[in-house]
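Welcome! Have the structure open as you read.

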Amino acid sequence: MIPACPLRSLPRGEAFRLDAEPPIAVFHTEDGEIYAIDDTCTHQDASLADGWLEGCEVECPLHASKFDLRTGQVDAPPAKLPVRTHRVVIEDDTIFVVPSDAPANLPPGVAARCQGAA
Ligand code: FES
């Protein structure tokens, strides 16, 4: 379990980029839900934490793919592969991320960089 940030420091409608390998984006929706997904778009190297949050979807800031934060599924192209989701736990006002064991769907350049760092 990785501590991300205090819940009170992540207002509704905002995102937090957790500096993991690969990075993780944590979102606080307008409805008060917290979701965590891989930060890197599956299409190219763009940070989804810098994207636009609408409901339970985030829109990539680079080419406007949309991902469902609950499932990681692609709701709008050009991305084809889902983004990996992570479990979130909130304890003592702190948001924790439980990193998924599933393989990440990273774009080729980013995947090579992460393997080099491993
Ligand atoms: S980098 Fe996200 S849609 Fe292209």
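## The overall layout

Reading from the N terminus, the elements of the protein chain follow the order β-β-β-β-β-β-β-β-β-β-α. That makes 10 strands and 1 helix. Please keep in mind that this is a predicted model.

How does the radius of gyration agree with that of a compact globule, and why would one expect that value? For 118 residues, a compact globule would have a radius of gyration near 13 Å, and the protein chain has 13 Å, so the two agree. Buried residues make up 31% of the 118 in the protein chain. Among contacts with a separation of 6 or more, 42% link residues 24 or more positions apart.

## What the record says

UniProt, in an unreviewed entry, lists residues 2-97 under "domain: Rieske". Over that stretch the chain is 45% strand and 0% helix, and the C-alpha atoms at its ends are 5 Å apart.

Now let us turn to strand 3, which covers residues 24-28. Are the residues of strand 3 buried or exposed? Because 5 of its 5 residues are buried, strand 3 is largely enclosed by the rest of the structure. Both of its faces are covered: Ala 25 and Phe 27 are buried on one side, and Ile 24, Val 26 and His 28 on the other.

Strand 3 pairs with strand 2 (residues 14-18) in the antiparallel sense, over 5 bridges. Within this pairing, Glu 14 stands opposite His 28. The two strands are joined as a hairpin through 5 residues. Strand 4 also runs antiparallel to strand 3, again with 5 bridges, and here Tyr 35 is the bridge partner of Phe 27. Strand 3 and strand 4 form a hairpin too, with 5 residues between them, and Gly 32 in the turn has a positive phi of about 90°.

## The nonpolar core

Which residues touch the most other members of the largest nonpolar core? Of its 22 residues, they are Ala 25, Val 26, Phe 27, Ala 36, Ile 37 and Leu 48. Strand 3, strand 4 (34-38) and strand 10 (94-98) are the elements that give two or more residues to this core. Strand 3 provides the largest share, 4 residues.

Leaving aside residues up to four places away in sequence, Leu 48 touches Ala 25, Ile 37, Asp 39, Cys 41, Val 58, Cys 60 and Phe 67.

## Backbone details

Most peptide bonds are trans, and most residues other than glycine have a negative phi. The bond from Glu 21 to Pro 22, however, is cis, with omega near 0°, and Pro 22 sits in the loop between strand 2 and strand 3. Pro 77 and Pro 78 are also joined by a cis peptide bond, with omega about 20°; Pro 78 is in the loop between strand 8 (74-76) and strand 9 (85-91).

Ala 64, in the loop between strand 6 (57-59) and strand 7 (66-68), has a positive phi near 70°. It counts as partly exposed because it has 14 C-beta neighbours inside 10 Å. Asp 93 has a positive phi of about 65° although it is not a glycine, and lies in the loop between strand 9 and strand 10. With 9 C-beta neighbours inside 10 Å, Asp 93 counts as exposed.

How values were computed
Residues are numbered from 1 along each chain as its sequence is written. This is a predicted model: local features need pLDDT of at least 70, side-chain atom pairs count only at pLDDT 80 or more; totals for chains, interfaces and linings use all residues. A nonpolar core is a set of buried Ala, Val, Leu, Ile, Met, Phe, Trp, Tyr and Cys residues joined through C-beta atoms within 7 Å. A residue is buried if 20 or more other C-beta atoms lie within 10 Å of its own, exposed if 12 or fewer, and partly exposed in between; C-beta atoms are placed from the backbone. Two residues are in contact if their C-beta atoms, placed from the backbone, lie within 7 Å. Two strands pair if DSSP finds at least two bridges between them. UniProt positions are given in the numbering used here, feature names are shortened, and annotations may be inferred rather than shown by experiment. The radius of gyration is taken over C-alpha atoms; the globule rule is 2.2 Å times the number of residues to the power 0.38.
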